[in-house]
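Visitor: Can you walk me through this one? I'd like to start with the charged side chains.
Guide: Fine, here is the model.

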Amino acid sequence: MARFALGTSFHLFDDPEQGRLIEQTARWFGTPTVIVYQNEGPGLLPSERSGSAGSRSVLSSAGASVQPDGVRYDRHGMLAATIHTGQLRGEITPIDHHRDNTQVKAAMVDRACFTPSPLPSPAITSRSCPAASG
């Protein structure tokens, strides 16, 4: 069974304030990795193309299993988002990699680093590219 790396991701935006808000939302999940994706490609949701705020996360494993830390990260990130947007009253503190300032920010924005998959899906594969800075 494959285990996916636990992480959140988001797309770049032209509006710097909106981009900052989305990155902070992704960081509040507490995952080890936060990935910035490129804005071109078949996997981009229509709401993301129109500039809606949002982040995605990979918090499980292949084969329909669940990683307990993934569930904890998801719960914390969703709770933080609802508190920070005023949908829920309360206080929340960062956890794990967000709290410890050890999150790695990886950028996947260089189109030269991707090869479209020949499969009839939005899957893409990566090429060897320079390492991203944290």
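Visitor: How many salt bridges does the structure hold?
Guide: Six salt bridges. Bear in mind that this is a predicted model.

Visitor: Ok, take Arg20. Which residue does Arg20 form a salt bridge with?
Guide: Glu17, with 2.7 Å between the closest N and O atoms.

Visitor: And where do Arg20 and Glu17 lie?
Guide: Both are in helix H1, which covers residues 16–27. They are three residues apart, about one turn of the helix.

Visitor: What about Asp69, which residue is its salt bridge with?
Guide: Arg72, and there the closest N and O atoms are 3.4 Å apart. Asp69 and Arg72 both belong to helix H3 (residues 68–84), again three residues apart, about one turn of the helix.

Visitor: How accessible are Asp69 and Arg72?
Guide: Asp69 has 38% relative accessibility and Arg72 has 36%. Asp69 therefore counts as partly exposed, and so does Arg72.

Visitor: Which side chain does Asp100 meet in a salt bridge?
Guide: That of Arg99, at 2.9 Å from N to O. Asp100 is partly exposed at 43%, and Arg99 is partly exposed at 48%.

Visitor: Which residues are linked in a network of salt bridges?
Guide: Glu23, Arg27 and Lys105.

Visitor: Which residues sit on which side of S1?
Guide: Gly7, Ser9 and His11 are on one side, and Thr8 and Phe10 are on the other. Both faces are covered. In a regular strand, side chains alternate between the two faces of the sheet.

Visitor: What is S1 joined to, and by how many bridges?
Guide: Strand S2, residues 33–37, by five bridges. The two strands run parallel.

Visitor: Which residue in S2 is the bridge partner of Thr8?
Guide: Val34.

Note on methods: Residues are numbered from 1 along each chain as its sequence is written. This is a predicted model: local features need pLDDT of at least 70, side-chain atom pairs count only at pLDDT 80 or more; totals for chains, interfaces and linings use all residues. Side-chain values use heavy atoms; hydrogens and water are left out. A salt bridge is a side-chain nitrogen of Lys or Arg within 4 Å of a carboxyl oxygen of Asp or Glu. Helices (H or I, at least four residues) and strands (E, at least two) are DSSP runs, numbered from the N terminus. Buried means under 20% relative accessible area, exposed over 50%, partly exposed in between (1.4 Å probe, protein chains only). Two strands pair if DSSP finds at least two bridges between them.
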